[in-house]
Amino acid sequence: MPAESPLTRHRIDACFLGPYGENNNLLEKLVVEFLRDHVYWRRNFHPEDPPAISTEASRHPDYLAFESRMRRELHQLSASLKKSVPFHSPRYMGHMVSDLLMPGLIAQILTLPYNPNNVSEDSAPVTVDMEVQVGLQLARMVGYVHDPLRADCAFGHLTSGGTLANYQALRVALALKAFPVALRSAGVPDLDLPEDDWSAFNLHPHKATQLLDDWLTWLAAQPLRERKTWRQRVQQERLEYLGMLEFFTRHAQLRVPHVLAPVTAHYSWSKGLKLLGLGRSQLQLLPEQGMRLDTDALESTLEKCRRERQPVLMSVAVLGTTEYGTFDPVDGIVAARERAAALGLGHSVHVDAAWGGYLATVFRNEDGSLRSRDEVARGYHAFPAPEVHAAIAALADTDSITIDPHKLGYLPFGTGAFICRDHRVTALLSEEADYVFGGASATSYHERYRGLGQFIPEGSKSGANAAAVYVTHRVLPLDHLHFGRLTRQTLLAAESFHAGANRFADKMHGRVNAIVPFQPDSNLVCLALNPAGNTRVANANAFVHRLHDDMRADPRQPLQLKQFFGSMTTLRPEALGDTEMRRILGQLGLDVATLDGVGNGDDRLVILRHTLMNPYLIDHENGISYIDLYFDYLASRVQQLLVAHDAA
Ligand SMILES: *Cc1c(COP(=O)(O)O)cnc(C)c1O
């Protein structure tokens with residue numbers, strides 16, 4: 001087991017309710033305390049108003065009947081929820097979810113009865129600002145400017161999840177890309193506008209943002225009446241006003257832009273392109289090399305786009321792929337963008353860090369500066385790969401980022417986050433033009449975001465979510481000495497799991513070939529298996545499917561029959577590259593020729609996938625490693641399946 005000082009461990013001990021509910025007293029004490037506090041708040045609003053519900057009401061048969069119904073239904077709910085997936089348990093290594101951080105859980109419960117609606121400060125005087133603060137906390141974690149006094153300060157807000165944050169990224173990038181074209185069409189004088197539609201549509205996002213800023217400054221200097229006319233004139237030339245069809249008809253030089261993403265991209269990208277009306281066919285999936293986006297392929301795609309005058313909306317880097325936890329070369333993708341922009345093909349770079357975003361905590365000092373790779377690497381076996389450090393360091397140079405507090409932030413569902421590097425672009429999202437296009441009424445950062453609903457894809461939304469994330473980041477600041485200690489546990493667990501997998505492979509030699517197919521970048525570790533002697537991919541896939549069947553949620557069975565929870569994914573030649581795919585199949589003893597592309601599911605290799613988020617996978621208190629127990633379990637299941645197969 002990796003050495004970890006007791007001091008470090010005890011700090012984590014108060015973070016969660018715990019696998020056994022160890023911290024039940026703490027949770028109960030705080031929840032009851034703040035629930036009572038809420039009641040007193042109600043009574044103290046106008047203490048002179050007498051209670052509207054009679055003290056005798058609770059004896060009325062109708063009251064009692066309602067209470068009984070409520071109780072019965074709640075009991076039923078509680079009973080059925082017992083079939084839930086035990087995310088809290090160190091026996092759960094399935095999807096991207098684990099126990100909930102108590103500060104977030106309690107803040108959420110505490111806030112619910114106040115029911116703030118974060119659409120605007122009118123209905124959420126406290127929690128809207130918390131949401132804006134969360135944006136700044138996350139901006140700091142990724143290295144964006146987070147001082148609201150600076151004009152180019154970042155801005156972030158919460159979304160229902162990573163899917164909507166990715167959608168918001170597309171929306172922002174498109175608005176910024178098309179805006180300079182509208183300025184030209186409207187014939188705004190005095191501004192240094194690009195000479196034709198093509199260059200206006202393909203500016204570097206930094207330049208487009210500057211142009212937006214110049215326009216707002218120019219507008220503010222106009223007499224009041226003209227200001228309104230100009231604003232309207234520009235609004236009526238915008239893509240958002242005209243719609244795709246009319247905009248691209250008017251600008252025959254331009255085509256609907258492409259989005260470039262790795263083949264490993266989450267399906268939310270496909271959803272986003274459909275939702276925005278760009279069309280799924282504009283999503284161009286690029287191959288990977290060694291589990292990272294192939295920057296050569298990116299460069300040549302950009303070059304081809306430039307030659308064919310095909311605009312690009314954005315390049316997407318994934319920081320922690322959903323299936324494998326691997327990191328794309330954010331640095332290489334930013335460099336490719338700079339080169340393309342210099343040649344007239346400007347576009348945004350977005351990082352989908354829905355999963356991996358919080359891993360940045362171990363790379364940050366308390367003062368917000370970046371730690372060197374050597375500093376970060378202390379105490380780990382291999383983490384972080386130099387590529388991983390370089391990817392984190394390059395986050396500051398990207399245009400926007402998606403991060404899911406409800407994944408590695410250990411917070412309740414309903415919290416994704418979108419962060420953009422320079423908040424000025426949000427002026428293009430505002431529904432009420434007057435509000436931010438005011439010029440003279442130009443407002444401070446905090447005033448601007450009081451009407452949060454102006455900028456976000458949603459409307460009404462829970463302020464309790466914002467409170468949960470805010471309080472958690474206050475209790476555990478997003479640096480290596482605070483939140484990072486928790487992140488560190490998961491990375492150590494992943495290394496321990498990797499070592500365990502290698503021991504398992506040795507022990508099972510001759511019965512099953514098992515490998516960790518590629519060096520894990522983070523806390524997600526995969527395992528590929530093939531019964532010894534088998535050469536057919538289809539058989540190996542069937543075998544792994546059977547193993548996984550015992551590790552997945554099944555509401556028809558009592559929960560306790562499950563020993564462990566894991567998940568499953570596939571390795572595909574288009575994601576790995578041919579060389580890697582051959583290497584892996586070779587190591588497993590599989591014949592590459594049996595990987596057929598007919599589309600029956602055996603054009604890919606089925607593997608087990610383990611998300612190692614639970615902080616108690618290594619239980620120091622009792623000297624138990626659930627990782628070791630898992631491999632014992634896996635060994636016995638493999639043995640059973642092999643025997644059953646031989647008997648058949
Ligand atoms: C989970 C995930 C998403 C989608 O996030 P949701 O919160 O499920 O909407 C997007 N991208 C990546 C890389 C993810 O891991």
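**Entry 1. Asp 602**

I looked up the burial of Asp 602 and found it buried, with a relative accessible area of 15%. I take buried as under 20% relative accessible area, exposed as over 50% and partly exposed as in between, with a 1.4 Å probe and protein chains only. Asp 602 belongs to the loop between helix H22 (578–588) and strand E13 (605–611). Helices (H or I, at least four residues) and strands (E, at least two) are DSSP runs, numbered from the N terminus. I also checked Asp 602 against Arg 536, 66 residues apart along the chain, and found 9.5 Å between their C-alpha atoms.

I note that this is a predicted model, in which local features need pLDDT of at least 70 and side-chain atom pairs count only at pLDDT 80 or more, while totals for chains, interfaces and linings use all residues. Residues are numbered from 1 along each chain as its sequence is written, and side-chain values use heavy atoms, with hydrogens and water left out.

**Entry 2. The ligand**

I next examined the surroundings of the ligand. The shell holds 16 residues, of which Thr 163, Asp 352, Asp 404, His 406 and Lys 407 come nearest. A residue is near a molecule or strand if one of its heavy atoms lies within 4 Å of it. Which helix gives the most to this shell? Helix H6 (residues 162–186) does, with three residues. By class, I recorded four nonpolar, nine polar and three charged residues around the ligand. In this scheme Ala, Val, Leu, Ile, Met, Phe, Trp, Tyr, Cys and Pro count as nonpolar, Asp, Glu, Lys and Arg as charged, and the others, Gly among them, as polar.

I then read off individual atom pairs. Asp 352 places a polar side-chain atom 2.6 Å from a nitrogen atom of the ligand. For His 406, a polar side-chain atom lies 2.7 Å from an oxygen atom of the ligand. Lys 407 likewise has a polar side-chain atom 2.7 Å from an oxygen atom of the ligand. Taken alone, the ligand exposes 380 Å², and the protein buries 87% of that. Accessible areas come from the Shrake-Rupley method with a 1.4 Å probe; for residues, only the protein chains shown count as cover.

**Entry 3. Nonpolar cores**

I looked for nonpolar cores, each a set of buried Ala, Val, Leu, Ile, Met, Phe, Trp, Tyr and Cys residues joined through side-chain atoms within 4.5 Å. The largest has 131 residues, and within it Trp 215 and Tyr 358 touch the most other members. H6 supplies the largest share of this core, 14 residues. At least three residues of this core come from each of domain 1 (150–178 + 258–475) and domain 2 (485–647); the domain bounds come from an automatic or database domain assignment. Another core, of 33 residues, lies apart from it and includes Met 508, Ala 514, Phe 564 and Phe 631.

**Entry 4. Polar side chains**

I turned to Asp 619, in strand E14 (residues 618–619). Asp 619 is buried, at a relative accessible area of 11%. Its side chain reaches the backbone nitrogen of Glu 621 at 3.0 Å, and a polar contact of 2.6 Å joins the side chains of Asp 619 and Asn 622. A polar contact is a pair of N or O atoms within 3.5 Å; within protein, one must be able to donate a hydrogen and the other to accept it, and residues adjacent in sequence count only if both atoms are side-chain atoms.

I also checked Arg 227, in helix H9 (residues 224–235). Arg 227 is buried, with a relative accessible area of 11%, and its side chain reaches the backbone oxygen of Gln 222 at 3.3 Å.

**Entry 5. Backbone geometry**

Most residues other than glycine have a negative phi, and most peptide bonds are trans. I found the peptide bond from Phe 383 to Pro 384 to be cis, with omega near -10°. Pro 384 sits in the loop between helix H14 (373–377) and helix H15 (386–393).

Is Asn 115 buried or exposed? I found Asn 115 exposed, with a relative accessible area of 60%. Asn 115 has a positive phi of about 50° although it is not a glycine, and lies in the loop between helix H4 (102–111) and helix H5 (127–142). Met 291, also not a glycine, has a positive phi of about 70°. Met 291 lies in the loop between strand E4 (288–289) and strand E5 (292–293) and counts as buried at 3% relative accessibility.
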